[in-house]
Amino acid sequence: MKNILLSLVLLSSSLSFAGWEYDILNKRLLKNFIQRETCTICCEKITSKLTLSCKHSFCEECILEWFERNSSCPICRCDQAVFYNVELLKSNNLDFQKKAVGTLLILMSDNQVVKNEIRRAGAIPIILGLLKSHDNTMRASSAAAISRLAFCNSKNKKFIIASGAIAEIINLLESEHELTVANATGALLRLCGSSLKNQNPDYKCDLNYQLLSLLASKNHRIKINVVLAMEILERYKVTNEQMLRKVGAIKILLHILESKDFEVRERSAMSLRKIALNSRENQNEMVTIINLNEDLKDKIQYKYPDLYNTLFNE
Ligand SMILES: [Zn+2]
Ligand SMILES: [Zn+2]
């Protein structure tokens, strides 16, 4: 490319009869040549080229060093935080990858634009690969990233499911690392649903068995995620329609309302309300259980008015 450009420049300058139009051509070609091949950071010819999403190019080494202190393009100043962190993900260096997934989790928060940008930058297949990492924290944060990328974002969700993520997530349910299991159950409930309907009965049976065994977990977050995943599977008729009532899931969530952890209590109340709103049968079951316990009923009326109104006033 460099040689072709040079020859063109030389050729056009040799056309002495050409007049001003060729001067302009000359300048343009030279400008392109300089822009493409010179790194504005080191002012040298670009060695190993890295092009940002804004199409500005630099030496890989120069721009990665620049990104250690800045998150924008040195030329146009547009934000390149996602681009940089996805580059770190591609690095094959576990420490860089951990840092990158952590930063991407913060960057995406609940911002769908950033989540789409992360998908377009090619991060999802890499994060899915990291679900198999030998490092517990890496697996746990990758599961959290998958869960967040899929949340309220149908394009990401489709892409993640099509990449075979559910099987990887289900594998993580057997982990002995609590945070990994908690995040994996969180990711599962974002991904499971109609996509599992056509799976073979053995597969569904295995998944059911795994979820059931996780209901015995001491971790309330895991329990809530599992119940919510079961609710989705029940609603999409992937599993038995009376699943929640059969396994006593409603009692489990009502019990969690007594937890010392505020966030967990709130989450449990929200989940109960969601379950009641999605199924009349489950709602009736909930009302029956609560009516048998006056203290619990008072507590719900006082502390969780939304749940109470859904159950008793609507
Ligand atoms: Zn450079
Ligand atoms: Zn730029």
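Is Phe67 buried or exposed? Phe67 is buried, with a relative accessible area of 4%, where buried means under 20%, exposed over 50% and partly exposed in between (1.4 Å probe, protein chains only). The structure is a predicted model, in which local features need pLDDT of at least 70 and side-chain atom pairs count only at pLDDT 80 or more, while totals for chains, interfaces and linings use all residues. Residues are numbered from 1 along each chain as its sequence is written, chains are lettered from A and ligands numbered from 1 in the order in which they are written, and side-chain values use heavy atoms, with hydrogens and water left out.

A search of the whole structure finds 2 aromatic pairs. Rings of Phe, Tyr and Trp (its six-membered ring) pair if their centres lie within 6.5 Å; planes under 30 degrees apart count as stacked, over 60 as edge-to-face and the rest as tilted. Phe67 and Tyr84 form a tilted pair, 4.9 Å centre to centre with 35° between the planes. This pair links distant parts of the chain, with Phe67 in helix α3 (residues 60-67) and Tyr84 in helix α4 (residues 81-89), 17 residues apart. Helices here are DSSP runs (H or I, at least four residues), numbered from the N terminus. Tyr84 is buried too, at 10% relative accessible area.

The rings of Tyr308 and Phe312 are likewise tilted, their centres 4.8 Å apart and their planes at 35°. Both residues lie in helix α19 (residues 305-313), and being 4 residues apart they are separated by about one helical turn. Tyr308 is buried at 12%, whereas Phe312 is partly exposed at 22%. Over the ring of Phe312 sits the charged end of Lys297, 4.5 Å from the ring centre (NZ of Lys or CZ of Arg within 6 Å of the centre and within 35 degrees of the ring normal).

Lys297 leads on to helix α18 (residues 294-303), whose buried residues are Leu296, Lys297 and Ile300. They cover an arc of only 100° around the axis, so they lie on the same side of α18; the arc is that of the directions from the helix axis to the C-beta atoms. What covers them includes α15 (249-256), α17 (280-291) and α19, contact meaning heavy atoms within 4.5 Å. The face turned away carries the exposed residues Glu294, Asp295 and Tyr302.

Cys73 is buried at 0% relative accessibility, while Cys76 is partly exposed at 36%.

Technical notes:
Helices (H or I, at least four residues) and strands (E, at least two) are DSSP runs, numbered from the N terminus.
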